[in-house]
Amino acid sequence: MEQTLWSHLPLLVRSNSKDSVEYILQALWRTRKTGLDPADRDIIRDMLQLQNESDLDPLFVCLRMLIRRCVYDNIGRDEIQKLFPSEVLPELQRLLTLLLQKFQREWRQDVLKDQGALPRLKTMTWDMANSDAEFADPVAVINLKLLNDSQSRSKESEVKFELANDTLEAMLNSMYSIRDQLSNVGEASNDYLSQDANML
């Protein structure tokens, strides 16, 4: 990020309110495809107590770049903090890190909706396959019913596949790993938000 852009971040301190900074970030995300309209610009200019509206644009460029890095690169808390050079006030770094992480999941879901939602699992059933070969290893036939909510009406589809014992074991190990990672990410995120909320 260009060094000159960072000099505009302290304008956020003029709002004297965490809610105002949150509003600005949300407004920038909401208007990511269209740009801010004059009414939004006037509201933000009043929040920041600015006389000259032209001061807003460099600040918006800087914030939009931060938002993009957090959402599209899906960076974690430590990486968000590393985006700021030392001359950015620590209090401002903490506030922006807290808010960016607060909305990161919601904004990433918005991106997925823009791209088209992935199907979600409705039901899963299984049965043992009848094998004609006398000495063939038994296999399980897995039947998944999926719902695609990206359509104007939810559309159901069906996926069927076979799993042998060794393949099933490898898949289960991967699923356990995914479960553990999701649990760790959720716990770390909750701990961080509660700690930083107390600091602000």
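**Working through the model**

Modeller: T167 sits in helix α7, which covers residues 165–199. Keep in mind that this is a predicted model.

Biologist: Is T167 buried or exposed, or partly exposed?

Modeller: T167 is partly exposed, because its relative accessibility is 40%, and that class lies between the cut-offs of 20% and 50%.

Biologist: Switching to helix packing. What angle do α2 and α6 make?

Modeller: About 30°, with the axes 11 Å apart; α2 is residues 18–30 and α6 is residues 90–115. The two helices are therefore roughly parallel to each other, since the cut-off for that label is under 35 degrees. Their crossing is right-handed.

Biologist: Which residues of α2 meet α6?

Modeller: From α2 they are K18, V21, E22, L25, Q26 and W29. Their partners in α6 include L95, L99, F103, W107 and V111.

Biologist: How many residues of that contact are nonpolar, and how many charged?

Modeller: The contact of α2 with α6 has 10 nonpolar residues and five charged, plus one polar.

Biologist: Now the whole protein. How many helices and strands?

Modeller: Seven helices and three strands. Along the sequence the order is α-α-α-α-α-α-β-β-β-α.

Biologist: What share of the residues is buried?

Modeller: 32% of the 200 residues. The accessible surface is about 13,400 Å², and carbon and sulfur atoms account for 50% of that.

Definitions and conventions: Residues numbered from 1 in each chain as written. Predicted model: local features only at pLDDT ≥ 70, side-chain atom pairs only at ≥ 80, totals over all residues. Heavy atoms only, no water. Axes fitted to C-alpha atoms, helices over the stretch in contact; angles between N-to-C directions. Helix = DSSP H or I, 4+ residues; strand = E, 2+ residues; numbered from the N terminus. Parallel < 35°, antiparallel > 145°, perpendicular 65-115°, else oblique. Left-handed = near helix turned anticlockwise from the far one by under 90°. Contact = heavy atoms within 4.5 Å. Nonpolar A, V, L, I, M, F, W, Y, C, P; charged D, E, K, R; others polar. Buried < 20%, exposed > 50% of the residue type's maximum accessible area, 1.4 Å probe, protein only. Areas by Shrake-Rupley, 256 points an atom, 1.4 Å probe, with all protein chains shown as cover.
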